[in-house]
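Please look over the structure below before reading on. The text then goes through it chain by chain.

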Amino acid sequence: MVQTHRCEDHETVGENKEKRPKFFINDHVDILIEILKRLDGRSLCVAASVCRLWCTIARNDSLWENLCFRHVSPPPSSVRSVVLALGGYKRLYTGCVRPVRSRLGRMRKASWARDEVQLSLSLFCVDYYERLGGSNSNGR
Amino acid sequence: MLRYDSTSSSAGSSSGSLSSSSSSSKPPQQDIDGLLAGAGYKVRSSELRQVAQRLERLETAMGNSPADFSQLASDAILYNPSDLACWVDSLLTEFAEPPPTCSSDFIVDPVNNQTVVNSAWTAAEPHTPQVHQNITYDEQQSLDNQLTVVTAMEEDSGIRLVHMLMTCAECVQSGDLSLATSLIDDMQGLLTHVNTVCGIGKVAGHFIDALSRRIFQGMGGGSVNGGSAFENEILYHHFYEACPYLKFAHFTANQAILEAFDGHDCVHVVDFNLMHGLQWPALIQALALRPGGPPLLRLTGIGPPSPDGRDSLREIGLRLAELARSVNVRFAFRGVAASRLEDVKPWMLQVNPKEAVAVNSIMQLHRLLGSEQTRNSPIDTVLSWIRGLNPKIMTVVEQEANHNQPGFLDRFTEALYYYSTMFDSLEACRVQPEKALAEIYIQREIGNVVSCEGSARVERHEPLAKWRRRLSGAGFRALHLGSNAFKQASMLLTLFSAEGYSVEENEGCLRLGWHSSPLIAASAWQAVPAWDNHMSSS
């Protein structure tokens, strides 16, 4: 399991330092990213409150991209530019994918996974459009 | 709990008792309920009610004592899972005897009894039937009795109200206005005894208003239909948010248009009623992501002219253009301002012969119908110029109702049924002010159907069967909407709405309804190519 961020106690233990180097996850950001990639949405948000490094990593949109397409075959590359233009993967996940998945959860069939993502994308786009309207014209 | 896999049962259950029963003379198979048998459970039809009650008691018991339940999950050995009645009973005996008759007999009528029921439930948190345990049996009985009295009274008033509405409509049709007027007074008195917050009382109120408007103000019905374009757009938007009918229409039409545009690089969509353009972001996004890249998309939006210098069509166009730019879709918008659809001429749309055209009509074609079937009625004119554009697809969404019959009483009856169903479905919406404004939107439709005549009556809904005949006769053939559209519609319903909505496919068209009453129908059409040859030769 991942070691939580403990203070520099380990470095003061001088005797075994040369023989057995301690593993400190924050020194291995690539491994940390691999681990965080596999978390669910809620855990990822919790992870963002651990420390500044984790916060920066958890905010990285590619982790949320992974979350959106987790159970679906990887989408074509054009999807990314569209999603980023409409507000990013974190917003897509929290605003559309998660509600779609949780509400469809009861009735889910395996073949729906890809369609859920497509539906989420459409809803995300409508949501972006409605936000455009809110800022451009008052009270519409 | 027990995980029951229906496929294993049809293959021959592993439990020993099943094989023993098949070797003996067959038990009365005719008595086994067919639907449950299909799912793998054997329950006698005669026992269905008891089994249902026992299941309810089991559920209550499980809720009451979660500790026992978890032990049960690991310790229970159930021998014949298909015999539902037996294992429910055996599980029930594991639990302490639940309180007698409380929960399973506490049948609640959701329509009329909210005030009574709420007082019993507000104190309790969800999922804790302890409330029932605190009520003694006698108290429960008297509460039940009160409930039935209230129900009976309100149901009775509701039924009387409907009868009076029908009688009043009949009087209006036959011209007996004095009787109609006195009926209106009586009905308004009766309304005070009925819950007008929901159910039949609310719809009845709107119909009473519409009838009185028809009687007292004549049939211009100006104020009903005279809302400004801006108001109409707001109401429409809230109707969009409050219930799934418009979302269903948009998503289904978009799916059909997307499929029709496959392989074309220049595409042109003509929208007969742009409003806020809520339909188009999803199409733009789908085109942006289609394999092979997005085409050049032109959108021509038709809408009413806006007063005082505002150009609402252009504003929507700009918003859509910004969206299209964000997702890298080449986009061009044109607005056509027209107060009536029949005023639009095809040259205004500036269709390029090389582009693939889609015509999109969401609840607009019925406005072109008049009550007389003249030769060159507006509907024929418009349909013929649509054909002239040779569109790849024409998507038509219309209310599934027969509100264009010549007889007033028939129309009134149909409308009463249709809009009651629609208001029922709106009860599921919990968001305000969307719900209230959506109701006003529907109320305006009711007003137009009931209190207007002649050119003022624009809500001339016709059912899908009639549209099929009309469109086939005008040189169009139906395109099947396909399983993708159906799947998407199902997902959309599950996502947005309460239980009760249903989508059904009907000869390639999709219909969305509430509890098996279809309320809105979506279909797709294409111009028959050799039509002109056919016409000249016959």
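The paragraphs below start with chain A and then turn to parts of chain B. The model is predicted.

Chain A holds eight helices and zero strands, and from the N terminus its elements therefore read α-α-α-α-α-α-α-α. Of its 140 residues, 36% are buried. Its accessible surface amounts to about 8700 Å², with 52% of that belonging to carbon and sulfur atoms. Among the contacts in chain A between residues at least 6 apart in sequence, 54% link residues at least 24 apart.

In chain B, helix H12 spans residues 200–217. From first C-alpha to last, H12(B) reaches 25 Å, close to the 26 Å expected for its 18 residues at 1.5 Å a residue. H12(B) is mostly covered, with 13 of the 18 residues buried.

Further along chain B are strands E2 (residues 296–303) and E3 (residues 331–337), which run parallel and are joined by seven bridges. Within this pairing, B:Leu299 stands opposite B:Phe333 of E3(B).

B:Pro378 lies in helix H18 of chain B, which covers residues 378–389. Is B:Pro378 buried or partly exposed? Its relative accessibility is 28%, so B:Pro378 counts as partly exposed, the limits of that class being 20% and 50%. Leaving aside neighbours within four places in sequence, B:Pro378 is in contact with B:Glu342 and B:Leu368. B:Cys429, 51 residues from B:Pro378 in sequence, is 37 Å from it in space, C-alpha to C-alpha.

How values were computed. Residues numbered from 1 in each chain as written. Chains lettered and ligands numbered in written order. Predicted model: local features only at pLDDT ≥ 70, side-chain atom pairs only at ≥ 80, totals over all residues. Heavy atoms only, no water. Helix = DSSP H or I, 4+ residues; strand = E, 2+ residues; numbered from the N terminus. Buried < 20%, exposed > 50% of the residue type's maximum accessible area, 1.4 Å probe, protein only. Contact = heavy atoms within 4.5 Å. Expected span 1.5 Å × (residues − 1). Pairing = 2+ DSSP bridges. Areas by Shrake-Rupley, 256 points an atom, 1.4 Å probe, with all protein chains shown as cover.
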